[in-house]
Amino acid sequence: MAKGPQKRRQEDFGTEFEEKVLYINRCSKVVKGGRKFSFSALILVGDGQGHVGYGFAKANEVSDAIRKGSDAARKNIYTIELEGTSIPHEVEVDWDGARVLLKPAPEGTGVVAGSKVRSVLEMGGVRDVIAKNLGSSNPLNQVRAIFRALLQLKNRQKSFDERQRREAHV
């Protein structure tokens, strides 16, 4: 039976997580007394060792939105496959208008990517990669697309070992 992406909490890992505010949006609603403002926050957490998560939350105050987003991010942490300091293979993903392309790069290249994609990759511990955002500029959709791309990555050696194990049981 194929398992989906492993979603785990921060407490499952022995490392300390770093937090970053990726985007804050102010929304206004016109009411009888004037304008009422609310805020949404997109928060990223990661340890730089292959574990990264994001959270999105809304509140009437910026600080509350950030706190709620941080809590949501710490509950949704994913483990990404790395091959050395880069990713195992090229991947392209669509998510609601946002298209992201990731390519592995030789050691020493660094992270060549736009701001949101760069933040996610650096928090996840990817040091050498070339990335391109080909679609939407919506930050939340970009982050969701990059997470979907990272979760599609498969390590060649692990896939090979798993295939051999399956064939041995047949």
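## Exercises: from one leucine to the core

Leu42 lies in strand E3 (strands are DSSP runs of E with at least two residues, helices are runs of H or I with at least four, and both are numbered from the N terminus). The model is predicted, so local features need pLDDT of at least 70 and side-chain atom pairs count only at pLDDT 80 or more, while totals for chains, interfaces and linings use all residues. Residues are numbered from 1 along each chain as its sequence is written, and side-chain values use heavy atoms, with hydrogens and water left out.

### Leu42 and its surroundings

**Task.** Find out whether Leu42 is buried or exposed, and list what Leu42 is in contact with beyond its neighbours within four places in sequence.

**Solution.** 
- Start with the accessibility. Leu42 counts as buried because its relative accessibility is 1% (buried means under 20% relative accessible area, exposed over 50%, partly exposed in between, with a 1.4 Å probe and protein chains only).
- Next, collect the contacts (heavy atoms within 4.5 Å). Leaving aside neighbours within four places in sequence, Leu42 touches Lys20, Val21, Leu22, Tyr23, Tyr54, Gly55, Phe56, Pro139, Leu140 and Val143.
- Leu42 and Lys58 are 16 residues apart along the chain, and their C-alpha atoms are separated by 9.2 Å.

### Val62, for contrast

**Solution.** 
- With 29% relative accessibility, Val62 counts as partly exposed.

**Task.** Describe how E3 and E4 are joined, and follow E4 to its pairing with E5.

**Solution.** 
- E3 and E4 run antiparallel and are joined by 8 bridges (two strands pair if DSSP finds at least two bridges between them).
- Phe39 gives an example: its bridge partner in E4 is Ala59.
- The two strands form a hairpin with 4 residues between them, and Gly48 in the turn has a positive phi of about 75°.
- E4 also runs antiparallel to strand E5 (residues 77-79), with 3 bridges. Here Val52 stands opposite Tyr78 in E5.
- Check the cover: 7 of the 9 residues of E4 are buried, so this strand is mostly covered.

### An aromatic pair

**Task.** Work out how the rings of Tyr54 and Phe147 are arranged, and which parts of the chain they link.

**Solution.** 
- A pair of aromatic rings is described by the distance of the centres and the angle of the planes.
- The protein has 2 aromatic pairs (rings of Phe, Tyr and Trp, its six-membered ring, pair if their centres lie within 6.5 Å; planes under 30 degrees apart count as stacked, over 60 as edge-to-face and the rest as tilted).
- Tyr54 and Phe147 form a tilted pair, at 4.8 Å centre to centre and 50° between the planes.
- This pair links distant parts of the chain, with Tyr54 in strand E4 and Phe147 in helix H3, 93 residues apart.
- Tyr54 is buried at 17% relative accessibility, and Phe147 is buried too, with a relative accessible area of 4%.
- Ring pairs link Tyr54, Tyr78 and Phe147 into a cluster.

**Solution.** 
- Ile146 is in contact with Val100, Leu102, Val117, Val120 and Leu121, leaving aside neighbours within four places in sequence.
- E7 and E9 run antiparallel, joined by 5 bridges, and Pro104 stands opposite Val129 in E9.
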